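Look at the structure below and follow the chain as you read.

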Amino acid sequence: MVKKKIIENPFYGLNEKKVKWVYESTWNYTAKFDLKEDFLKSSVIFLELEGLDTIADIYLNGELLDSVKNMFRSYKYSVKSKLKKTSNNLTLFFHSPTEFAKDMIDKYDMKLNTGEENRAFPGVPYLRKAQYSFGWDWGPILPDIGIWKDVKLTAMNTPKIESIYVFQDFKYDQNTNEINSVNLNINIEIESVFDNISNQDMDLLCILKDPHGKSIQKEKTVNSLKEGIQFKIDNPKLWWTHDLGLQNLYNLTIQLRNNEILDEYQQKIGLRDLKLIRNSDKWGKSFYFQLNGIPIFAKGANWIPVDSFIPRGKRAGLYEMNLHFAKEANMNMIRVWGGGIYEDELFYQICNKLGILVWQDFPFACAIYPIHDEFYENIQQEFKDNIKRLRNHPSLALWCGNNEIEYLWNFLKVSAGITDEEIEKNYKKGYVKIFENMLPRTLEKLDPNRPFWPSSPSNGHCGMSLGTINSNSPDEGDSHYWSVWHGGKPFRAYRRFNSRFMSEFGFESFPSLKTISSFCPKDQYYINSPIMENHQKNDAGNDLIMRYIKRRYNVPKDFRKQVILSQITQAEAVEYGVKYWRSQTANFHCMGSLYWQLNDCWPVASWSSIDYYGRWKALHYLAKRFYQPIIVEVYVTTKKIEFALINDSLVSYDVILQLNILNSGGQIVKRSNSGYELNAMESKKGDLVEIKDLASSMDLKNDCIVFYTLMNKNTKNIIYRGFKLFDSPNSFHLKDPHLKFHIYETSDNETENCKLNIQITSENISLYTFIESDIVDFIASDNFFAMEPNELRKIEIRITKNKNFSKKYTSNEIKESFRVNSLYDLLT
């Protein structure tokens, strides 16, 4: 509709508010088609609808086939008797989702809504539709309506392979604790046109080809609609996350034959043993993932749908872009949040190749759900469809029942107006039925290889104690922590919440000025302008961003500088939390950090580290650093400096930790060098550096800064470096760093995939040194980094696209567009 100019771009300005009529209307989709005689002679003909969003009546040649109410399901109908050779007519009649929600409230006399009740539509939980589309605290109210996946007619004359499931059973060497073999049980379901398949003289050929092309195969006679083929693989080539090893994928081909190939099924599978480890310990219970016998610290972010209009986002390449950027920032896990969708097949295929694990929420979030039988039957089939679709992906690490329903129960019941104890009891029974009975039982049948977790956050089970227990305990299960940001607490509050696995926390910032320019005219370039407020969906979010900035910086009047400072503040907040939790990995105390959020579904002020157009915020550059396998965490007081060295890799290193304390003029006032043997998968405390003597003679908060560098003792290569102030940055006497830079190489004269190299020097201390260009988008090898006096830094620039796609720029124009600035420039 945007392309045809029926509506204006809903992402621009206040246009979001002008398109209500679209989702409040009914829509007809009609296809007229003819069919060939040979096709009509087929034994069976199916009409397959893989995705209808959401409330739709399906008519074929004037006959009502079905009325459907679930965008997450696929539908399949036998329609041979209803078809003709010419003038067939398929009509899909879509009803308004918002009107349906109102009707359900009237029918059941219960105003179920989401935790986003102040900005989202009431009645949304009655719909099996992506909840974010009705508005969230980062997303617009744009509930799309229509066909969002393929619609097709398929003919069937012979049996077909309906689905497969590869069950993996691993055997470990008792001495080395390494996997030495895996038994595969390949379960095959067949769809048949025959009443009795055993007398059809058919067999199955199963071919398994390893990553190097070596094949093994087995045959089996078909006697029933469910068959199994077993393999034993010695010394399997395992699938690993990208930070631990190779993403080995086997090609599995299954042929159904009867003197000829009747059907063929192909799937890439990864052989990996993944467990969720929950052992009792002195704190409570552990919560961590173990991959092929190796405990892993989950490093990553939460994922929301790639676009308010999902098929458009897929066509635009947003899956590839965002997931590659996640890997580039050293992430090994992505949590698919429950207010979105079961993701597209492409999402999991990319994660398989990139070596990124997926925490998959079922699409339930921040709401109490209906308790009538029709709803249960609808979601039961939804579960089966999607579990069977996704269960063979090696990247899929965990199924999680929902987002925050267990944790927010008491708030949600008030929001829904549930005050009667008996009514609440019925809804509690409904919760237990879905998330502690239906889901685990369905998974036990269809995907027993994979762990299930009932809610996030959760301790693992609540039963009818729902709403009376602490479901967000730091001592067991996973945690969400929002006291920093929503609660207004300072960053140091992160250190007082020692989570076992931090699956959600975050901090907001504005997107880049280029992105703001895509939705906001320059005359509204101020924080509380109507358009800037409309592109901020968290209540008072823009004001909260500014309040946090004011705690740390003297806020400039210039809008551009405010935008960049918001990103720096966001990056500082998340870095503070992540590095602390990574320092707590000893004895598996904390084993995961997934910040909120990776991406955006439209251009907006939000918690994302990558904005809608793929532009990296400061947070994403810092994530690339704080998620690298080996880091140093530093904690300073006016008496001492504490260090923690963290190594998540499988390699041990001899390292040297070098510390320089500088005054604001750049002179070194104290230094230390310490050597350590840093073992694989180890977190250890470094030597304490006492600074009482320095504190008595200097103003540490205003005049001192700590620079630290971790170096490989043997190669002298820098592994990690950073800085730490003794107080907030506005206390430090920052001087003009007198930055100079030179762009000394370009790959070609084209902007696409163009590469530049920038050499930067700093005369004085430079904090959050950042590189900008007004005319091109780019990814830097590093950005928003600190520099010591007289330091030289070489940065590679990978240009991704022009800001103005209709214009070509010369190499010189591109090079001249670049600027290098720092925190000093933002504050003066």
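Thr54 sits in the loop between strand 3 (52–53) and strand 4 (55–60). In this predicted model, a cis peptide bond joins Asp53 to Thr54, with omega at about 0°. Another cis peptide bond links Trp596 and Gln597, and there omega is about 5°. Gln597 is placed in the loop between strand 29 (592–595) and helix 14 (618–626).

**Positive phi angles**

Trp485 has a phi near 95°, which is a positive value in a residue other than glycine. Trp485 belongs to the loop between strand 27 (479–480) and strand 28 (502–504). With a relative accessibility of 0%, Trp485 counts as buried. Met681 is not a glycine, but its phi is also positive, at about 55°. Met681 is in the loop between strand 33 and strand 34 (682–685). Is Met681 buried or partly exposed? Its relative accessibility is 33%, so Met681 counts as partly exposed.

**Buried polar side chains**

Asn248 lies in the loop that runs between strand 16 (226–234) and strand 17 (250–257). Asn248 counts as buried because its relative accessibility is 14%. A polar atom of the Asn248 side chain lies 2.8 Å from the backbone oxygen of Leu238. Apart from its neighbours within four places in sequence, Asn248 is in contact with Pro211, Lys237, Leu238, Trp239, Ile269 and Gly270.

Tyr676 is part of strand 33 (residues 668–678) and is buried, with a relative accessible area of 11%. Which backbone nitrogen does the side chain of Tyr676 reach? It is that of Asp687, at 2.7 Å. Leaving out neighbours within four places in sequence, the contacts of Tyr676 include Leu645, Tyr653, Val655 and Gly686. Tyr676 and Asn712 are 36 residues apart along the chain, and their C-alpha atoms are separated by 10.0 Å.

Ser473 is found in the loop between strand 26 (452–453) and strand 27. Ser473 counts as buried, at 10% relative accessibility. Beyond its neighbours within four places in sequence, Ser473 is in contact with Asn459 and Ser479.

**Cysteines**

A disulfide is a covalent bond between the sulfur atoms of two cysteines. How many disulfides does the structure hold? The number is zero. Cys351 is in no disulfide, and the nearest cysteine sulfur, that of Cys400, is 17 Å away. Cys351 is buried, with a relative accessible area of 0%. Cys590 is in no disulfide either; the nearest cysteine sulfur to Cys590 is that of Cys400, 17 Å away. Cys590 is buried, with a relative accessible area of 1%.

**A surface patch**

On the surface, Tyr29, Ile147 and Val151 form a nonpolar patch. Together these residues have about 210 Å² of accessible area. Tyr29 is in strand 1 (residues 27–33). Tyr29 is partly exposed, with a relative accessible area of 31%.

**Salt bridges**

Side chains of opposite charge can pair when their charged atoms come close. A search of the whole structure finds 48 salt bridges. Some of them are listed here.

| Pair | N to O distance |
|---|---|
| Glu99 and Lys102 | 3.3 Å |
| Glu219 and Arg257 | 3.1 Å |
| Asp777 and Lys514 | 3.0 Å |

Glu99 and Lys102 are three residues apart in helix 3 (residues 97–108), so they are separated by about one helical turn. Glu99 is partly exposed, with a relative accessible area of 34%, and Lys102 also counts as partly exposed, at 41% relative accessibility.

The salt bridge between Glu219 and Arg257 links distant parts of the chain, with Glu219 in strand 15 (residues 215–221) and Arg257 in strand 17, 38 residues apart. Glu219 counts as exposed, because its relative accessibility is 54%.

The side chains of Asp777 and Lys514 meet in a salt bridge too. Asp777 is in strand 41 (residues 776–780) and Lys514 in helix 10 (residues 513–517), so this pair ties together parts that are 263 residues apart in sequence. Asp777 and Lys514 are both buried.

How values were computed:
Residues numbered from 1 in each chain as written. Predicted model: local features only at pLDDT ≥ 70, side-chain atom pairs only at ≥ 80, totals over all residues. Heavy atoms only, no water. Patch = residues over 30% accessible without salt bridge, like charges linked within 9 Å, V, L, I, M, F, W, Y side chains within 5 Å. Areas by Shrake-Rupley, 256 points an atom, 1.4 Å probe, with all protein chains shown as cover. Salt bridge = Lys/Arg side-chain N within 4 Å of Asp/Glu carboxyl O. Helix = DSSP H or I, 4+ residues; strand = E, 2+ residues; numbered from the N terminus. Buried < 20%, exposed > 50% of the residue type's maximum accessible area, 1.4 Å probe, protein only. Disulfide = S-S within 2.5 Å. Polar contact = N/O pair within 3.5 Å; in protein donor to acceptor, adjacent residues only side chain to side chain. Contact = heavy atoms within 4.5 Å.
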